[in-house]
Amino acid sequence: MRAVQVQEYGGPEVLRTVETEVPEPGPGQVSVDVAYTGVNFADLKARGEGYRVPSLPFVPGLEVSGRVRALGEGVSGVEVGQEVAALTAGGAYADVVVTDATTVFPLPSGVDLRTAATLPTVLPTAYALVHAVGRLQPGETVLVQGAAGGIGTAVGQLAKAAGASGVFGVVSGAAKAKYALDHGHDDVFVVPSTTDSVQFVDEVRAATGGRGVDLALDPVGGETFRASLASLAVFGRLVSFGNASSAEPWQVGQPELYPTGLSVSGFSILTLAQTAPDALRALTEKAFAAVAEGVVSLPVTAEFPLEEASEAHRLMGGRTSTGKLLLRVA
């Protein structure tokens with residue numbers, strides 16, 4: 001079968017299509033004939049700096065749609081040939097992937113395989129940020145970093161559906177700002193570089209009458225994390241769900257939190273899959289239901305053949321992409 005391997009860390013050019021053995025599922029696992037694979041920023045960090053890579057060579061990819069190929073011992077709840085979406089620990093840039101049965105999800109009625117490939121990482125993450133971790137209440141305001149990306153697109157729609165009175169996005173360019181405004185955001189601040197992130201604090205304060213936002217969602221880390229914290233209203237909440245800047249791990253304590261009763265929390269869907277798979281499953285079912293009910297959609301804005309995974313990485317790494325990028329496998 002075909003697989004796209006990382007044999008050394010580097011730029012998009014290190015992604016190489018190779019022929020390899022078809023993996024077989026072990027106990028509690030499922031193998032999937034892949035139809036589509038979602039491209040995520042975590043894939044770029046894996047390729048470039050070894051993020052969550054156990055060893056080389058490594059096949060990146062965290063989410064797929066396709067049909068169940070084979071079941072490992074003890075697996076129930078899905079059948080061979082059934083259309084599914086799946087979250088994986090890696091290996092999704094391939095014709096066949098093996099993953100734990102707990103992160104394999106039958107498709108909701110009316111959801112096709114192409115749409116399904118956009119769901120496993122982005123939609124549960126967005127749902128958790130708005131509801132399970134962020135606990136957004138009707139009438140509250142929310143600030144979304146990366147508002148034109150996959151998670152930002154979904155969060156904008158979910159926040160409006162939850163009754164947010166204001167959804168404010170941060171993007172890196174004018175074209176992304178227009179896209180975010182079309183997908184649930186009420187106002188968008190253009191910040192060309194993360195080194196300029198402090199500039200959106202004043203804009204947030206101005207847009208909220210000096211109050212700040214109730215909830216801020218940050219996948220960037222570093223200075224952007226600190227600026228997001230400075231954008232919070234009294235009793236505001238900040239959720240960190242990534243470190244795209246590769247900055248040193250943030251630290252925040254009593255001096256920052258005590259004066260206005262702020263709180264900081266975190267979320268990682270990949271870690272949740274390892275530590276609390278039942279909680280992940282319940283979260284994913286709610287997120288998929290929101291898609292089936294038409295509450296939220298995630299446009300596929302670019303699609304590449306499996307062999308052109310490097311082009312997908314160049315597009316995402318250039319910070320010009322919006323929505324969701326897919327690899328077409330089958």
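I started with helix α1, residues 41-49, and its buried residues (under 20% relative accessible area, 1.4 Å probe, protein chains only). They are Asp43, Leu44, Lys45, Ala46 and Arg47. Helices here are DSSP runs of H or I, at least four residues, and strands are runs of E, at least two, numbered from the N terminus. The model is predicted: local features need pLDDT of at least 70, side-chain atom pairs 80 or more, while totals for chains, interfaces and linings use all residues. Residues are numbered from 1 along each chain, and side-chain values use heavy atoms, without hydrogens or water.

I looked up what the buried residues of α1 pack against: β1 (2-6), β2 (15-19), β3 (29-39) and α11 (309-317). Just after α1, I noted a positive phi of about 80° at Gly50.

Next, pockets (open sets of points on a 1 Å grid over the protein atoms alone, with protein on both sides within 12 Å along at least five of seven lines; lining residues have an atom within 4 Å of a point). I found 45 lining residues, with Phe41, Ile151, Pro219, Phe241 and Ala244 closest to the centre. Elements giving two or more residues to this lining include α1, α4 (150-161) and α11.

The second largest pocket holds about 360 Å³. Its lining has 23 residues; Thr88, Ala89, Gly90, Leu270 and Gln274 lie nearest its centre. Here α1, β6 (96-100) and α9 each give two or more residues.

Key: Buried means under 20% relative accessible area, exposed over 50%, partly exposed in between (1.4 Å probe, protein chains only). Contact means heavy atoms within 4.5 Å. On a 1 Å grid over the protein atoms alone, a cavity is a set of points where a 1.4 Å probe fits but cannot get out, and a pocket is an open set with protein on both sides within 12 Å along at least five of seven lines; lining residues have an atom within 4 Å of a point. Grid points are joined across faces, edges and corners, and a volume is the space filled by probe spheres set on the points.
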